[in-house]
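Visitor: I am new to this structure. Please show it to me, and let me ask how you know what you say.

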Amino acid sequence: MSGVNQRALVLLVAGFTVWSVGFVALYALQALGCAYEWPQHRAILIGADVVSLLPLIWLAMMKPVREGEPATSLSVTALWANRAALASGVLVFLPVTFVSACI
Amino acid sequence: MTDPIRLHKELSAIWGTPGRWGRLSSVNHTVLGKRFMVVALTFFAIGGFLSMLIRAQLATPNSAFIGPEIYNQIFTMHGTVMMFLFAIPMFEGFVIYMLPKMLGARDMAFPRLTAYGFWCYLFGGSILIIALLVGAAPDSGWFMYTPLSSRPYTPGINADVWLLGLTFVEISAVTAAIEIFISILKMRAPGMSLARMPLIGWYMLVTSGMMIVGFPPLILGAILLELERAFDLPFFDPTRGGDPLLWQHLFWLFGHPEVYIIFLPAAGALSTIIPVFAQRTILGYRSIIAAIVAMGFLSFGLWVHHMFTVGIPHLALAFFSAASALVAVPTAIQIFAWIGTLASGRPRWDIPMLYVAGFFCVFVIGGLTGVMLAMVPFNTQAHDSYFVVAHLHYVLVGGFVFPMLAGIYHWMPHISGRQSLYRLSVPAFWLIFVGFNLTFFLMHLTGLMGMPRRISTYPSNWGWDWLNLLSSIGGFILTMGFCLVLADLVLQWRFGRRYRRDPWKAQTLEWATATPPAPYNFAALPRVDRRADMLEPAEIGPVLAGGTGYLGFVRDGEQETLGVDMFTGEPEHVIVLPRRTFLPLWTALATASVFLALLFRQYWLVPFGALLTLGMFLLWPRTLGRREDTGPVDIGMGEQVPFDVESKSNASVLANLAALIMNGTLFTSLLFGALFLLVIAPNWDGVAPMSLPLWAGVVAIVLAIAGAALSWLARSRNAAGGEAMPWLIGSAVAMAAATVLLVLLMTLVPDPTGHARNAVVFTLLGYGALHTALGALMSAHGGWRIMQGYVSTRRSTEMTLAWLWCFYAAAASLLSVAMATLLSAAA
């Protein structure tokens, strides 16, 4: 039972941790691209957006418990938290595809 | 058969606090929680008094009541006191008092740290208030923007009071954060898995996690600004390669999560109170946990919405605008869960519910104006106007003060053992509710009419007169309401009617203690077999008081409680907590000497104060631990577990891990600052490359890595039953040598006051040197504990701690030197 709970706790924070890393990475790439005038700035930002969303999609589709293990309150919560993290990622990162990146 | 009276007397003798001067030695969480709350409420009264002066000044146009200089100090101190000296310590006090009782433990994980945190809070807060009384209070606004707060524009000690006083106070916040985090994970009643924890446990777990990563940026910012003010290192001076925006980033990286750090504990109180009065369990337990986690993360992604008008690209505006609006969703999930709980239950109205209703009205308005301000075009219009003042008061008073008052009325019987007579509480509520809305709703209008915040007066022909007058009248009505609440609480304490256990028919464990509670909380610890907000305290309480349960006895006159598996809540080890001592008080006084020496610019005294503080801390563990392996011991209920010193995942190891994560966040903020200046700050063109000897940096890194490897070897040798001492000595020597080299490199940095690049390199190397020195100290401490006989193959905590700190020091010195090298080449 400890293993199920441990896994659920890790999954509970996994989605939003990925979201946070993606958020910081995109903000940093936006600033660096503007400071050093990267020619492929938009493409890099969109690429980073996709790279951030892939693990979020994986986590949102992942079954919270392994075969034969009982689902707990925590594992169901983890699934919903990860789906929320995916929605947050799609919404917050979307502007990198169309908004002007530099002043 | 246990004799309950005898057990009570024996436990009270061990856990109790003596009278007279002995009270100052208390480390008991019940005593310290109450002290925190009383001091926080005293600061609240001071902050409230200041707000009266503000409203008196603004009541009429062209007012000459206090003048701009004093007014600047008063509004700065009002914000500072309310945010730092009232809101956070108030919830710390509540949690320190309540958490062990709710989770089924006898105290917090580190009682002496609780006491040390309290003294730091009291002393640091007193510095600020004394400065106010002598007219030297901070006057640059509660967020202390540079360059206004820099030495040329604030030359006195006013800004230093803020930076040093608050950093002193923040010690209590960071110690509380670690303690709350570890106590929740390790000190629950047996059987209380994470999935059975009451929701307030989840709220506090996330809040303490947020504090662990949220406070370090502010602490770093305060250190850097004080270094600039005291030693002229130009981190924020744009003429020498610094940037005032770095201060804003560091401040708001803390400042926005801070709002949620204040709101989440209050929401935890609501999630506990509402089911009691709805007479049903909370709706959406799992959704609320997911919402808390989402809020915990999303709240960090909003900090730039305080900087929408500083001139940043559209893309950054879009990021932070979207995240700012998005955080309303998990907030709304909780609000709908609370409304649903009330709608599907059988609500009974009582005083706490009045304040819950007040919360719903006020906080929802604050949330809606928050979504408005998250939108960039509207924000640009309303920025730094009274609309923002109105919004933040609706959020903070709605989100913290109203739930706090609900909580006070709900839990006061637990503290006092008496229930309110309710003669004054109803008019008090209406005065507060009406007074608050009269004061602050009108500020939305003055803000929309263009009145900027922080002005000390205004002309009479701009249409703001009657709105300000009504706001001021509302403010005085609000104060009358708080005075009535105070009178009501005093009357309750003195004349309230006594009651038997669990007056509200709540279903959480704190009501299973005696009221007022005994210093040990539970004569025996319960086993929880269901979700811990569905218990029957009135039935459990007498059973536990009779000594039936875990640890329902006294062993060797020690303060014992249980440590459990973090996930399942199964008993794992017996935690022996330290007894009362004056050490935390002396250590806090030693710490105060450092801050006072800095404040009065007696810098030669600082190293003595720092060494005295360090020496005091080294005295703390001298009698902790055991000199022999004991193996599993009886804990009652037919079960046996070992003592904590023989457990690998004990609270000390986890707390040090948490402290290192906090430290790592501070270091990451420093690295971010270095990169920010390199990429964004003006006046970096044409700076000559710096020629630091590369060999010294490389050798320092190699020595630090060798020190970490030797400490790992010491740990492995100890685990295998071998001799660890030589490896620890080697580790300490290697770390000390690395320190010497890094200090040597610091001396070679050309004029750190000349340019921000030099100042940052100097600071980075200083950070690395400090941590290799700490690594050396931890290895030496491990050796000292071996000599004292506190370490064996099974008792290996000190070996693990030495390895953790040395590993961190090696990583920190590697990154420090790497970043310093990168900056050295910048031109």
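Visitor: How many salt bridges count between chain A and chain B?

Guide: The count is 0 salt bridges between chain A and chain B. A salt bridge needs a side-chain nitrogen of Lys or Arg within 4 Å of a carboxyl oxygen of Asp or Glu. This is a predicted model: local features need pLDDT of at least 70, side-chain atom pairs count only at pLDDT 80 or more, and totals for chains, interfaces and linings use all residues. Residues are numbered from 1 along each chain as its sequence is written, chains are lettered from A and ligands numbered from 1 in the order written, and side-chain values use heavy atoms, without hydrogens and water.

Visitor: What makes residues of chain A and chain B count as in contact, and how many do?

Guide: Contact means heavy atoms within 4.5 Å. By that rule, 36 residues of chain A are in contact with 31 residues of chain B.

Visitor: What is the area buried between chain A and chain B?

Guide: Buried area is the accessible area (1.4 Å probe) that two parts lose on being put together, summed over both. Here that is about 2,900 Å², with carbon and sulfur atoms giving 82%. In chain A, A:Phe16, A:Phe23 and A:Tyr27 lose the most area to chain B, together 20% of what that side buries.

Visitor: How do the residues of the side of chain A that touches chain B divide?

Guide: They divide into 26 nonpolar, 10 polar and no charged. Ala, Val, Leu, Ile, Met, Phe, Trp, Tyr, Cys and Pro count as nonpolar, Asp, Glu, Lys and Arg as charged, and the others, Gly among them, as polar.
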